[in-house]
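Reader: I am new to reading structures, and I would like a close look at one part. Could you walk me through the aromatic rings and what surrounds them?

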Amino acid sequence: MVRTIPTGRRTDEWSECLVLIAEKQDRAAYTRLFRHFAPLIKAFALAGSALSATHADELVQEVMLKIWQKAGAFNPEKAAASTWVYTIARNCRTDMFRRLQKFDTPLAAEDFSPDQEHEEPFMQLQNRRSADRIRETMKNLPADQTQIIAKVYMEGKSHAEAASELDLPLGTVKSRVRLAVQKMQVQFEASQEGN
């Protein structure tokens, strides 16, 4: 229940917690806010994204720290506390995705893993470069086909698992996989002829 006073200032529990944190660095108010929003932010981080549980936990910590540091910027007359918190969470999640993508380098220690000891380093490198070419080719696919290909071939999901996760009919998943593979094959053949 949100009570408003004539100035239009929100006086719900979470808005009041943010004001107390801003004005008095009130740890009890912060604890209440943390216990309420931390699980919600973690769920937000995991929903529809490829973030791991570890990254989701890191995001919660980052968001809650920013809330503590920036509580003075919250204006209860302009926004609800939840809107303000989720805006910070969305911005932090976007920043985290960008940081994680920066570390996608073409050649790294992980490229030569112990389970590939029987392969020569040259073959490991060739396989890695082929995977990079596949990722590059996937960029030219429609988003719905890219999503399905990632689930099936990169995450190792069955067609049925991908259909369940994406809430799509099994036939739709199978046809998108088939179309995507056909398009990628055409692109590979075209790139081979160009070389």
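Author: Happy to! Let us begin with a term: a residue is buried when its relative accessible area is under 20%, exposed when that area is over 50%, and partly exposed in between (1.4 Å probe, protein chains only). This is a predicted model, in which local features need pLDDT of at least 70, side-chain atom pairs count only at pLDDT 80 or more, and totals for chains, interfaces and linings use all residues. Residues are numbered from 1 along each chain as its sequence is written, and side-chain values use heavy atoms, leaving out hydrogens and water.

Now the rings. Those of Phe, Tyr and Trp (its six-membered ring) pair if their centres lie within 6.5 Å; planes under 30 degrees apart are stacked, over 60 edge-to-face, and the rest tilted. That rule gives six aromatic pairs. One of them joins Trp14 and Phe37, edge-to-face, with 5.8 Å from centre to centre and 70° between the planes. Trp14 belongs to helix α1 (residues 13–24) and Phe37 to helix α2 (residues 27–46), so this pair ties together parts 23 residues apart in sequence. Helices here are DSSP runs (H or I, at least four residues), numbered from the N terminus. Trp14 and Phe37 are both buried.

Next come Phe44 and Tyr86: their ring centres are 5.9 Å apart and their planes meet at 70°, so this pair is edge-to-face. It links distant parts of the chain, with Phe44 in helix α2 and Tyr86 in helix α4 (residues 81–102), 42 residues apart. Phe44 is partly exposed, at 22% relative accessibility, and Tyr86 is partly exposed at 29%.

Trp14, Phe37, Phe44 and Tyr86 form one aromatic cluster. Phe44 also has Arg93 over its face, at 4.3 Å from the ring centre; a charge sits over a ring if NZ of Lys or CZ of Arg is within 6 Å of the ring centre and within 35 degrees of the ring normal.

Methods. Helices (H or I, at least four residues) and strands (E, at least two) are DSSP runs, numbered from the N terminus.
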